[in-house]
Amino acid sequence: VAQKVKGIYYVNQFFGQIGGEQEANTPLKFTQDMVGPGNLLQELLKDYVDFVGTIICGDNYFTEHIQDVAVEIAALLKQYDVKVAVAGPAFNAGRYGIACGEFCKIADSLGIKAFSGMYEGNPAVDIYKKHCYIVPTKMSAQGMQEGLSAISRLVIKYCKGKEFGLPEEEGYFPQGYRKNVFVEKNGAKRAVEMILAKVKGEPFATELPIPHFSKVTPSPPVKDMKKAKIVLMTTGGIVPKGNPDKIESCFATKFARYNIKEMGKLTALNYESVHGGYDTKYANEDPNCVLPVDVMLEMEADNTIGKLHEFAYVTVGNGMSVEMAKNIGKAIALELKDMGDVDGVILTST
Amino acid sequence: MDGAVVSGNCVTACDKNTTYDYLNHPIVEELYEKHKNGELDFGGVILCPVTPKLSEKEKFTSYSAKLAKMLGLDGVIISQEGGGNPETDTMLLCKKCEEMGVKTVVMTHENSGELGDSDPLTYFVPEADAIVTMGNTNIKITLPPMDKIIGDIKTVEKLSGSLKNALKEDGSIGVMLDAIVGSINNFGVSKMTTRLY
């Protein structure tokens, strides 16, 4: 028999046998006993996990004091040095779902494997699925035994050191990671089979469900361009010669800002393109064709615009994931906001 | 298939179609195979140019979709070359074909990020309900040391998709799939795909 690992269990005030809605303001507490459904959980996992106890917290207290509760939970997880954390199941309960998910997220951030169970419509599934393994359950506590059994199957698999297979095979909600795998047929054969099925009206399964794209609400127009301070920005990879910040030519992970006014004009002598996704010959000959500092300086001189900001922001938009682009965009936007006097941005792409 | 169409590519290597792939085009081969068996009637190949201009994107995709309709096709498989720009054309073509009643399957690569948790493409249309994915280009892999190296190995650090300190002391090389020619080829050469975990 493999050595057992230490675990911890989270429930709300109801399943923690303190009381119903009237006790939802109960502050977080820890007991070294297994409480309520915890007894069944310990029984199911008796050969694999030793639970050090149960954390109980009122649903309202948890969601209203989320930062304080997080500190207390993290302290307990560290104090008892657990390897496995189980919460719920929360079924279709909204606040309890958030509490279970948050508990799992804290555990995950400490490198502790976390497990919970929820009804598919519980909003916490989408919020926390990345941080833990959430098994699908019924809507109510009728599904307790089934839910705990499903959680236990995953915990046992983890304790045995086995890799988890596909979500639909293992019985957990997809966590949102697309992994490369090899299948029996090449892409061409799969495509021909798919089009035949689609034309015949037979069922087929797309390999890439269409993702939901967030829409960006445009800012209101600049009121008076003659007074506006404008920032130039590009994803075209125009950097000072030698690429001092080592911005990657593909899958860039960073951006940089350069004082374009200090250097005078952009020329082939002082700037270059490090973009790895287009032919950089012309951009290297005249970097202004990607980052139009020359035209902007003319517009500043004849007061078409108020002022060209001395800093230009640069990154490389080649193969960059949307997530990375979002992060870089947010970071740049924060810097601009901090400056406080930026009225508009011209963003050039390639 | 006789060399009249050859590869004319640059930069990012993974999602490119080599001349070999044109000469041994797996979709064309598969369609001929099914044609021979009587499972389908292979209508031909439509080449749709890709340019960066939006007006031309609209024009070329409209003409290609119209041609598909005029040929009386029930379905088309849309594959592409490269990423970024062509993703828009592919999706526009898919939308226009579907609007004309020609059913589509789209073949694509993904840029889903290192962990595979990012949006895979820059542009999607709701009509693209049948997609074959050839894999995520953003995955890091390690190539084992080789006994014989042809060419200047140092250039591996300059490739699109190269990593910092790519050359390890033991001779192995760290790269993203992106740097390997044809690794995510959209003609469907490989047996790779992605699954949601």
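Predicted model: local features only at pLDDT ≥ 70, side-chain atom pairs only at ≥ 80, totals over all residues.
Axes are lines fitted to C-alpha atoms, for helices over the stretch in contact, and angles run from 0 to 180 degrees between N-to-C directions. Helices (H or I, at least four residues) and strands (E, at least two) are DSSP runs, numbered from the N terminus.

The crossing of H8(A) and H2(B) is right-handed, a term used if the near helix is turned clockwise from the far one by less than a right angle. H8(A) contributes A:Ala188, A:Lys189, A:Val192 and A:Leu196 to the contact, and H2(B) contributes B:Pro26, B:Ile27, B:Glu30, B:Leu31 and B:Lys34; contact means heavy atoms within 4.5 Å. By class, this contact of H8(A) with H2(B) has six nonpolar, three charged and no polar residues. Ala, Val, Leu, Ile, Met, Phe, Trp, Tyr, Cys and Pro count as nonpolar, Asp, Glu, Lys and Arg as charged, and the others, Gly among them, as polar.

## Basis of the values

Residues are numbered from 1 along each chain as its sequence is written, and chains are lettered from A in the order in which they are written. Local features need pLDDT of at least 70, side-chain atom pairs count only at pLDDT 80 or more, and totals for chains, interfaces and linings use all residues, while side-chain values use heavy atoms, with hydrogens and water left out.

## The six-stranded sheet of chain A

Chain A has an open, mixed sheet of six strands in the order S2-S3-S1-S4-S5-S6. Its edge strands, S2 (29–31) and S6 (133–136), each pair on one side only; two strands pair if DSSP finds at least two bridges between them. From one strand to the next, the twist averages 25°. Within the sheet, S4 (residues 84–91) and S5 (residues 113–118) of chain A are parallel partners over five bridges, and A:Phe91 has A:Met118 as its bridge partner in S5(A).

Two helices of chain A pack on the sheet. Helix H3 (residues 66–80) touches S1 (5–12), S2 and S3 (49–57), and its direction makes about 165° with that of S3(A). Helix H4 (residues 94–109) touches S1, S3, S4 and S5, with its direction at about 165° to that of S4(A).

A:Ala114 lies in strand S5 of chain A. At 2% relative accessibility, A:Ala114 counts as buried; buried means under 20% relative accessible area, exposed over 50%, partly exposed in between (1.4 Å probe, protein chains only). A:Ala114 and A:Ala85 are 29 residues apart in sequence, yet 4.6 Å apart in space, C-alpha to C-alpha. Not counting residues up to four places away in sequence, A:Ala114 touches A:Ala85, A:Cys104, A:Ala107, A:His131, A:Cys132 and A:Tyr133.

## Backbone exceptions

Most residues other than glycine have a negative phi, and most peptide bonds are trans. A cis peptide bond, with omega about 5°, joins A:Gly88 and A:Pro89; A:Pro89 lies in strand S4 of chain A.

A:Asp81, in the loop between H3 and S4 of chain A, has a positive phi near 50°. A:Asp81 is partly exposed, with a relative accessible area of 46%. A:Lys246 also has a positive phi, of about 50°.
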